[in-house]
Amino acid sequence: MEFNDDVGLDTSDVQDMRSSGGGGGVGPRVLLGGGGLGIVGLIIYFVMSQLGGIGGGGGASGIGNVGSGQSVDNSKISEQCKTGKDANSNHDCALVATINSIQGYWQDQFARTGKTYRKAPTNFFKGGVRTGCGSASSDTGPFYCPADSEVYVDLSFFQELQTKFGAQGGTFVEAYVLAHEYGHHVQNLLGTSNRVKSGSGPTSDSVRLELQADCYAGVWANHATTTPTSSGKPLIKSISDDDISRALDAASRIGDDYIQKELGGGRVDQSKFTHGTSQQREKWFTTGIKSGNPANCNTFDTSNLG
């Protein structure tokens with residue numbers, strides 16, 4: 001994936017908390033459905049919402065996204081990441097550019113359908129973090145918290161995706177992961193997340209939610225090279241066939257069946273599926289990138305998930 005050199009970057013889409021260390025301690029721990037790479041804290045979020053513990057987008061009292069001992073310091077990113085040229089040579093800047101593009105697409109898409117897209121920051125953290133869904137460690141993997149409407153990622157995960165999961169890696173693979181998390185933000189804004197009733201199983205609502213987020217990631221990728229910034233020019237110059245192949249390779253390595261078989265002891269238990277199989281994740285990302293149409297991502301209204 002290549003960025004246009006002369007297009008400006010907006011670092012306000014990122015909150016850099018890496019210099020402030022871990023954020024464990026007080027507050028409920030993030031509740032995961034089979035690991036990171038998805039939406040977390042759904043049960044905690046909905047239960048606490050029922051009890052009045054979570055306000056509209058502000059997070060529960062005492063477990064805000066910047067916890068005790070944590071602070072946001074964007075000075076380094078702001079200094080280093082000015083244009084697409086920086087994104088072509090600096091890893092952090094490439095992530096900023098990708099996030100700008102993803103949010104730019106959804107902002108435009110929502111506007112075309114008469115809706116308002118509320119931007120959400122991605123939080124770079126190291127070791128641990130406190131969120132509106134509770135505390136999380138790096139082991140969680142990238143995730144979206146519906147309680148505070150923010151994305152969280154320890155950037156060391158992208159290296160782990162290669163060393164632990166065996167993925168090929170690359171800038172567009174990281175873009176796919178981020179676009180998936182922003183797919184969950186879209187679901188939260190549209191109210192789709194509220195449809196999650198069953199937590200696990202091959203046709204569970206959790207699986208449908210995750211596969212739809214994969215599809216939304218593909219939809220963004222379809223439009224990535226044509227989504228303009230405020231300057232009128234797209235941030236992303238090109239996405240190659242090799243980029244797409246690498247993303248599909250990554251999708252195949254974070255399917256429930258692959259993780260259970262290759263990293264979890266060798267036995268595949270469909271009753272514990274929460275994200276979909278490798279084949280399903282590849283299928284729905286491909287559906288999104290080929291069609292470029294969010295309407296084709298309605299995994300909740302199909303009996304055949306792939």
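Colleague: Which side chain does a polar contact join to that of His184?

Modeller: A polar contact is a pair of N or O atoms within 3.5 Å; within protein, one must be able to donate a hydrogen and the other to accept it, and residues adjacent in sequence count only if both atoms are side-chain atoms. Here the side chains of His184 and Gln187 are joined by such a contact of 2.7 Å. The model is predicted: local features need pLDDT of at least 70, side-chain atom pairs count only at pLDDT 80 or more, and totals for chains, interfaces and linings use all residues. Residues are numbered from 1 along each chain as its sequence is written, and side-chain values use heavy atoms, with hydrogens and water left out.

Colleague: Is His184 buried or exposed?

Modeller: Buried means under 20% relative accessible area, exposed over 50%, and partly exposed in between (1.4 Å probe, protein chains only). His184 has a relative accessible area of 0%, so this residue is buried.

Colleague: How many aromatic pairs does a search of the whole structure find?

Modeller: Rings of Phe, Tyr and Trp (its six-membered ring) pair if their centres lie within 6.5 Å; planes under 30 degrees apart count as stacked, over 60 as edge-to-face and the rest as tilted. The search finds ten pairs. One of them, Phe110 with Tyr117, is edge-to-face, at 5.4 Å between centres and 75° between planes. Phe110 and Tyr117 are both buried.

Colleague: Why is the pair of Tyr176 and Phe285 edge-to-face?

Modeller: The ring centres of Tyr176 and Phe285 are 5.1 Å apart and their planes lie at 70°, so the pair is edge-to-face. Tyr176 and Phe285 are buried too.
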